[in-house]
Amino acid sequence: MNGVPYLSLAIWVPIVGGLLALATGRDRDAAARWISLIAAVAGFLVTLPLYAHFNAATSEMQFVEARQWIPYFNVNYTLGVDGISMPFLLLNSFITVIVVLAGWEVIQTKVSQYLAAFLIMSGLMNGIFSALDGVLFYVFFEASLIPLYLIIGIWGGPNRVYAAIKFFLYTLLGSLLMLLAFIYLFQNSGGSFSILDWHQMRIPQLAQTCIFFAFLASFAVKVPMWPVHTWLPDAHVEAPTGGSVVLAAIALKLGAYGFLRFSLPIVPDAAREFAPLMIGLSLIAVIYIGFVALVQTDMKKLVAYSSISHMGFVTLGFFMFNQIGVEGALVQMISHGFVSGAMFLCIGVLYDRMHSRNIADYGGVVNVMPKFAAFFMLFAMANSGLPATSGFVGEFMVILGAVQFNFWTGFAAATTLILGAAYTLWMYKRVVFGAIGNSHVAELLDINRREFLFLALLAICVLAMGLYPFPVTEVMHVSVGDLLSHVAQSKLQ
């Protein structure tokens, strides 16, 4: 490692690249595209040593960087990753490359601003996953809202302003309660904003309850959990394709990550006390939202609701407090990043050609776009949880953990496999199979080399993780075990 600040590079390389792209101005779109692609690839490459040099045998924070930032308030620029957070830096940086490729030809207005927003957001999200100081985490957490707000509000659909404001208000209001919890922790930890110091605090039960619900208000909206999920379908429908990809693949993971980094280790007694509530809300998301997805006529809205259902698996896995459940939830988060991102890209490919997301406007796409239909089939099967795809691995692990926890909880969770197959394959059948639906479908052209490239990269990830998930589960195993041990020990004290 030789003291190379890989985490700072993962944060600042894409941000600087975004600023350079922004500096190209209006009339140099080609330069902005190439600068953004180089910055995105460089941002991904600097995260690879995090995996290559990671020591999976320890739960200690690795690649730690610590510098004074605001000494008067004891706020530090402290970064580090463990087996829980490290994979998400790789996922985020990889998805950024995909998004830049996806928007290469599609975006024709304000190109430099569009690509810069994604690059800056990528760096900020890497900061969220690696921050070990509460204030630093909060700054990155809030700042990441701004690029996504602009992406939806400027390059989105007809109701983009409504969707952007709704997204911003939902997430901002929850975050303010998290800030109050941070202030309490600072005052009662001897004036420390260190997240690792907060993990070692002994907090009275009433205070734990208040802090737990403060965190819940912030993280549940981000996941999003039922019933604070209503902003997500609107945001997805109005966002441009790249915005939907990043929103589904990365932004939804921030809330789930917050539960593991804050709720479970800082207030473990409250987490255990309110675990039945969290499991109940998760099962509602898994089952009820699955039925809601069944009746959607807009492809984007259907996949948006399916994301809520799949993320219900994540929170379900966390609050059963067993190893396979938590690891399965983490695997599901990474898999969902690949699969949901790919589903939105496939819908974007169709929308770029037809300018419609309505299922009824299609039919017989396989006759004119066979390569696209093959990719779309793979991702639809992964979204349904087909074995040998990444979509199966995480859900199966969570179901196993749920059965260990309680048979009927596992049985209820397993219903999503049926519902997921029902709504995904129903959509695929109506869009892709059958006779050519109309003259517009007959004129469609199959995917070009650029589209083939980004869909192929995601297909490789979906299959590789489905066939051999060990490289992912290996790095998180010890960190998850240490977290669960910490929660269990707190209960015994």
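Colleague: On what basis are residues numbered and values computed here?

Modeller: Residues are numbered from 1 along each chain as its sequence is written, and side-chain values use heavy atoms, with hydrogens and water left out. Because the model is predicted, local features need pLDDT of at least 70 and side-chain atom pairs count only at pLDDT 80 or more, whereas totals for chains, interfaces and linings use all residues.

Colleague: What is the relative direction of helix 18 and helix 19?

Modeller: Helix 18 (residues 390–405) and helix 19 (residues 407–432) have axes 6 Å apart and pack at an angle of about 160°. Axes are lines fitted to C-alpha atoms, for helices over the stretch in contact, and angles run from 0 to 180 degrees between N-to-C directions. Angles over 145 degrees count as roughly antiparallel. Helix 18 and helix 19 are therefore roughly antiparallel.

Colleague: Which residues of helix 19 make the contact with helix 18?

Modeller: Contact means heavy atoms within 4.5 Å. From helix 18, the contact draws on Glu395, Ile399, Ala402, Val403 and Phe405. The partners from helix 19 are Phe407, Thr409, Gly410, Ala414, Thr416 and Leu417.

Colleague: What span does helix 18 reach from its first C-alpha to its last?

Modeller: Helix 18 has 16 residues.

Colleague: How are helix 8 and helix 10 oriented?

Modeller: The axes of helix 8 (residues 160–187) and helix 10 (residues 205–222) lie 8 Å apart, at an angle of about 150°. Helix 8 is therefore, relative to helix 10, roughly antiparallel.

Colleague: How many nonpolar residues does the contact of helix 8 with helix 10 have?

Modeller: Ala, Val, Leu, Ile, Met, Phe, Trp, Tyr, Cys and Pro count as nonpolar, Asp, Glu, Lys and Arg as charged, and the others, Gly among them, as polar. Four residues of this contact are polar and one is charged. The nonpolar residues number 14.

Colleague: Is Thr389 buried or exposed?

Modeller: Thr389 lies in the loop between helix 17 (370–384) and helix 18. Buried means under 20% relative accessible area and exposed over 50%, with partly exposed in between (1.4 Å probe, protein chains only). At 2% relative accessibility, Thr389 is therefore buried.

Colleague: Which residues does Pro224 touch, not counting residues up to four places away in sequence?

Modeller: Pro224 is in the loop between helix 10 and helix 11 (231–238), and its relative accessibility is 1%. Beyond four places in sequence, Pro224 touches His229, Trp231, Leu232, Leu252 and Ile308.

Methods:
Helix = DSSP H or I, 4+ residues; strand = E, 2+ residues; numbered from the N terminus. Parallel < 35°, antiparallel > 145°, perpendicular 65-115°, else oblique. Expected span 1.5 Å × (residues − 1).
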